[in-house]
Structures are given as C-alpha cells and as structure tokens.
Amino acid sequence: MPLFGMFVDDFPNIANIAEDEKQSLNVHFPEANNPLNAWAWRCECAHANPSSSALKGKTVCLKDNIALAWVPCRLGTESFQDWTPQTDATVATRVLEAGGQIAGKAVCENLSRGAPSTTPTPGATRRAAAARARRRSVDFVGPMTRTCLECATLLEVLAGADGLDDRQGAGCPFPGQVPRYAEELKTSGVDGVKGLRIGILKEGLEVVATNESVKTKFLAAAKVFTDKLGAAAVEEVSVPMHASSRAIYSVLSKMGNHMGMLGRATGRRQVMLTDLAERKGLPYTPAALGKMSAFSHEGLLAGELGWSKYPLVYGKAVNLFRRLRDEYDATLKRYDVLILPTTLRASFPFPPVDAGPVAHMDAGRGMTENTASFNGTGHPALAVPIGFVPSEADPGIMVPASMQIGGSFWDEMTVLKVAYAWEQAVDWKSF
C-alpha cells in the first residue's frame with residue numbers, strides 16, 4: 001500500500017470542453033479599471049459552439065474559488081500562489097455550453113473564510129470542482145443576479161445532477177429534468193403568491209444582534225404579501241431549534257473545515273483537486289499560516305480543539321442537523337415558504353487591515369445566524385433585496401436590507417415565485 005500512490009496515475013480531472021471549442025482570450029490580472037480590487041482575474045471565455053442559447057448575450061463572473069481551466073485561481077489568499085486549474089467546475093462548463101461568456105473571477109475572502117461566506121443558496125446545485133469548501137456537507141454554489149428572472153434563468157442552466165457529487169441524491173433532477181423556472185415566473189407574475197401560506201420564522205427575529213431598522217424593514221416587506229399579493233396567510237411560526245442552528249453549524253463547519261484545510265477530507269465520492277493540494281504544500285508552514293485571515297486561524301484552532309478535546313460533538317452536530325431538517329419539513333407541510341431577514345445587521349465597513357482578531361470576529365456577529373441553518377439542512381433559500389436601512393457605522397449612509405425565503409426540498413420554483421411576485425409588486429430601491 002505505501003507504494004500505491006507512487007505508481008498509479010491520478011485521475012483528477014472531469015470532462016472539459018475541448019480546447020479547440022473553448023475560447024479563453026485575454027486572461028490577465030486587471031491592473032487598470034479595478035479601483036475597488038473586486039476583480040481577481042479578467043478573461044473573455046466562451047464556447048465556440050454552445051449547445052443552447054439560454055445565456056446568449058449574458059456575461060457571468062465566477063467567485064475565485066471556482067475552477068476555470070487555464071485561468072489562475074487565488075482563493076483570496078497569498079498563503080499559496082501560482083495555481084492554475086486544468087479543469088472546469090461543472091457550473092463553469094454549463095454556463096459556457098448555454099452560450100454565456102465568463103468575464104472573469106471575483107475576489108473572495110481569504111481562503112473563502114469570512115463573515116459573509118455562509119449564504120442562502122438554492123438547493124438544486126452543488127459544488128463539483130469548486131476549489132474550496134469549508135465543509136462539503138454545508139457548502140453549496142448558487143447564482144447571484146440582478147433580478148429574480150435572471151436568477152431563474154441561470155439556476156435552470158446550473159442545476160441538475162452531474163454524477164460527480166454524492167450529495168445529488170433522491171429528488172435531484174438531471175439537467176434535462178430541471179423545471180423551466182424562467183418560463184414559470186413569466187406566467188405566474190404577481191399572481192405567484194395568491195393563496196399561499198407564508199410563515200414568518202419567529203426565531204429568525206429574536207437574535208440579540210438584530211438591528212431594529214433591519215427588523216422593521218423586513219416586517220414591512222412581509223406585509224406586501226397580504227396587502228398587495230393576495231397571500232392566504234402571513235403569520236408568525238416557531239421552529240425552536242432554529243435558535244440553536246448557528247451554534248450547531250459552528251461545530252459542523254469548524255471541525256469539518258479543519259480536516260479539509262489540513263488535507264484530511266475523507267468519506268466522499270467527488271472530484272479531488274490534487275494539484276491544488278500539492279500547490280498548498282501541506283502541512284502549512286508558519287509563513288503560509290501568517291498569510292491567512294483571522295477566520296482561518298480561528299477555524300483551525302477551533303477545529304483542533306474540537307477534535308482533540310471533544311471528538312464526539314461532530315457526530316452529534318451532524319445528527320442535530322437531521323433533526324432540524326425534519327423540523328423545517330414539518331413546518332413546511334403547513335406553510336408554502338418560510339421568510340426571515342437574511343442578515344440581522346446593517347452593512348458596515350470591513351475592519352481595517354491592521355485590525356486584531358477580536359475586531360474581525362466581531363464583524364461576523366449577526367451575519368450568518370439565519371443563513372447557516374439552511375446551509376446545514378440543504379433546504380433551498382433565496383435572498384431578495386427589500387430596500388435600504390441606515391448603516392451602523394454612519395446613519396447618513398443607507399445600505400441594502402434583504403429578506404430570505406426558504407422552501408421545501410426541490411421546490412425552488414415556489415421560492416422563486418414568491419420572490420418574483422414581491423419584486424414585481426414593489427420597487428425595492430424606493431421601498
């Protein structure tokens with residue numbers, strides 16, 4: 001067995017678009033026209049002969065923890081350098097095959113570890129060949145778009161089993177079986193909410209960190225469903241375990257992430273990016289650790305503490321998320337969707353570059369309490385902007401607030417209909 005890895009060739013790559021059909025032009029680091037450093041890389045990547053025109057004329061930006069062959073990938077860090085994937089993530093392939101153009105990569109948090117890195121995401125997509133996952137049972141990939149209709153169009157392209165991710169279990173459609181989300185939205189319009197029962201998740205408004213302006217804006221947005229859209233009911237509902245979900249998620253993500261970061265992830269059928277693991281030069285050197293964020297340091301330390309002192313809690317956290325899933329499912333038998341604020345605090349500036357670990361960790365309060373739960377259970381969820389509230393740092397600056405809509409497994413359609421109807425009834429920028 002010790003000689004096995006020396007003499008058997010690796011099989012790391014998934015099927016790429018043939019190089020003569022994939023046009024990757026002008027790959028470069030954007031020195032100019034990048035004033036906020038939002039771009040990690042720019043490119044003009046398209047398929048010479050796309051199989052559909054679903055995204056014709058659309059440009060797409062990938063977060064820089066998603067593999068795009070022949071385009072460098074930084075994962076937001078300097079703890080390793082010079083990694084250029086030789087394979088495409090499934091979502092990248094599907095964008096190109098649908099006629100979309102990938103315009104580049106967006107800068108992400110250091111090793112994707114940061115306060116806002118746990119986000120509401122539709123459940124019909126998974127993460128095959130994404131370069132970085134905190135803990136693969138809670139990490140998903142999904143679309144971020146300007147409108148619900150664009151979200152529906154892009155989700156229709158991205159969703160569906162690819163045979164590479166073992167989370168694509170019972171109920172996950174194959175690409176040809178994915179519902180026609182965009183067509184359905186155009187048909188339902190503002191009538192998509194009529195007769196639906198909507199539950200306001202009580203525990204999602206009771207976190208200590210909740211900003212009152214965010215809460216007030218959310219409750220006003222909830223009233224739109226009855227006042228303008230004909231919902232049968234919009235009422236408070238309780239899922240008591242939701243209040244503990246962030247703590248349970250912390251155990252699951254930190255202990256699972258710890259194993260993944262150290263190159264010890266096991267027990268999965270998936271694509272393993274061994275060239276990335278080699279580039280990281282594991283085990284980490286002090287120099288590499290020194291270039292990681294406070295969140296990465298905290299995750300590694302918390303994970304080590306958990307595995308060395310409390311090894312049983314990881315399995316308990318896995319089981320408790322099954323229990324939370326069942327509690328959401330029971331509630332969703334009585335309500336078509338659940339709604340709650342996405343983040344509980346108004347946006348604020350990032351901590352200064354020279355800020356200490358405490359300042360960085362404090363920035364995460366109230367940011368993931370309502371989103372981590374759906375990441376843990378896998379229910380589809382969508383965030384929709386609902387207006388502006390005063391910034392905590394400067395009340396004279398107005399920043400967006402958001403409502404999260406969560407639904408039953410494989411029922412992204414209802415989630416999208418609810419969001420689309422609200423968006424059509426209200427101009428969120430002036431709401």
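These legends walk through several close-up views of a predicted model. Because the model is predicted, local features need pLDDT of at least 70 and side-chain atom pairs count only at pLDDT 80 or more, while totals for chains, interfaces and linings use all residues. Residues are numbered from 1 along each chain as its sequence is written, and side-chain values use heavy atoms, with hydrogens and water left out.

**View 1. Phe-29 meets Trp-41 edge-to-face.**
A pair of aromatic rings is described by the distance of the centres and the angle of the planes. Rings of Phe, Tyr and Trp (its six-membered ring) pair if their centres lie within 6.5 Å; planes under 30 degrees apart count as stacked, over 60 as edge-to-face and the rest as tilted. The structure holds 6 aromatic pairs. In one of them, the ring centres of Phe-29 and Trp-41 are 5.9 Å apart and the planes stand at 75°, so this pair is edge-to-face. Phe-29 lies in the loop between strand E1 (22–28) and strand E2 (39–47), and Trp-41 in strand E2, so the pair ties together parts that are 12 residues apart in sequence. Here helices (H or I, at least four residues) and strands (E, at least two) are DSSP runs, numbered from the N terminus. Phe-29 is partly exposed, with a relative accessible area of 31%, whereas Trp-41 counts as buried at 13%. Buried means under 20% relative accessible area, exposed over 50% and partly exposed in between (1.4 Å probe, protein chains only).

**View 2. Phe-409 and Trp-410 form a tilted pair.**
The ring centres of Phe-409 and Trp-410 are 6.5 Å apart and their planes are at 50°, so the pair is tilted. Phe-409 is partly exposed, with a relative accessible area of 28%. Trp-410 is partly exposed too, with a relative accessible area of 28%.

**View 3. A charge sits over the ring of Trp-39.**
The charged end of Arg-42 is placed over the ring of Trp-39, 3.8 Å from its centre. A charge sits over a ring if NZ of Lys or CZ of Arg is within 6 Å of the ring centre and within 35 degrees of the ring normal.

**View 4. Helix H5 packs against helix H13.**
Two packed helices are described by the angle between their axes and the distance between the axes. Helix H5 (residues 212–227) and helix H13 (residues 412–425) pack at about 95°, with axes 10 Å apart. That makes H5 roughly perpendicular to H13. Axes are lines fitted to C-alpha atoms, for helices over the stretch in contact, and angles run from 0 to 180 degrees between N-to-C directions. Angles under 35 degrees count as roughly parallel, over 145 as roughly antiparallel, 65 to 115 as roughly perpendicular and the rest as oblique. Ala-221, Val-224 and Phe-225 of H5 and Val-418, Trp-422 and Ala-425 of H13 make the contact, where contact means heavy atoms within 4.5 Å. By class, the contact has 6 nonpolar, no polar and no charged residues. For these classes, Ala, Val, Leu, Ile, Met, Phe, Trp, Tyr, Cys and Pro count as nonpolar, Asp, Glu, Lys and Arg as charged, and the others, Gly among them, as polar.

**View 5. Thr-414 is a buried residue of helix H13.**
The relative accessible area of Thr-414 is 19%. Leaving aside neighbours within four places in sequence, Thr-414 is in contact with Leu-196, Asp-336 and Val-337.

**View 6. Helix H2 is largely enclosed by the rest of the structure.**
In helix H2 (residues 90–97), 7 of the 8 residues are buried. They are Thr-90, Val-91, Ala-92, Thr-93, Arg-94, Val-95 and Leu-96. These buried residues pack against E1, E2, strand E3 (59–63), strand E4 (101–106) and H3. After H2 comes Gly-99, whose phi is positive, near 90°.

**View 7. Glu-156 belongs to helix H3 (residues 148–158).**
At 18% relative accessibility, Glu-156 counts as buried. Setting aside neighbours within four places in sequence, Glu-156 is in contact with Val-178, Pro-179, Arg-180, Tyr-181 and Ala-182. Glu-156 and Ala-92 are 64 residues apart in sequence and 14 Å apart in space, C-alpha to C-alpha.

**View 8. Backbone details at Pro-283, Asn-26 and Asn-33.**
Most residues other than glycine have a negative phi, and most peptide bonds are trans. A cis peptide bond joins Leu-282 and Pro-283, with omega about -5°. Pro-283 is in the loop between helix H7 (274–280) and helix H8 (286–290). Asn-26, in strand E1, has a positive phi near 55° and is partly exposed at 47% relative accessible area. Asn-33, in the loop between E1 and E2, has a positive phi near 55° and counts as exposed at 75%.
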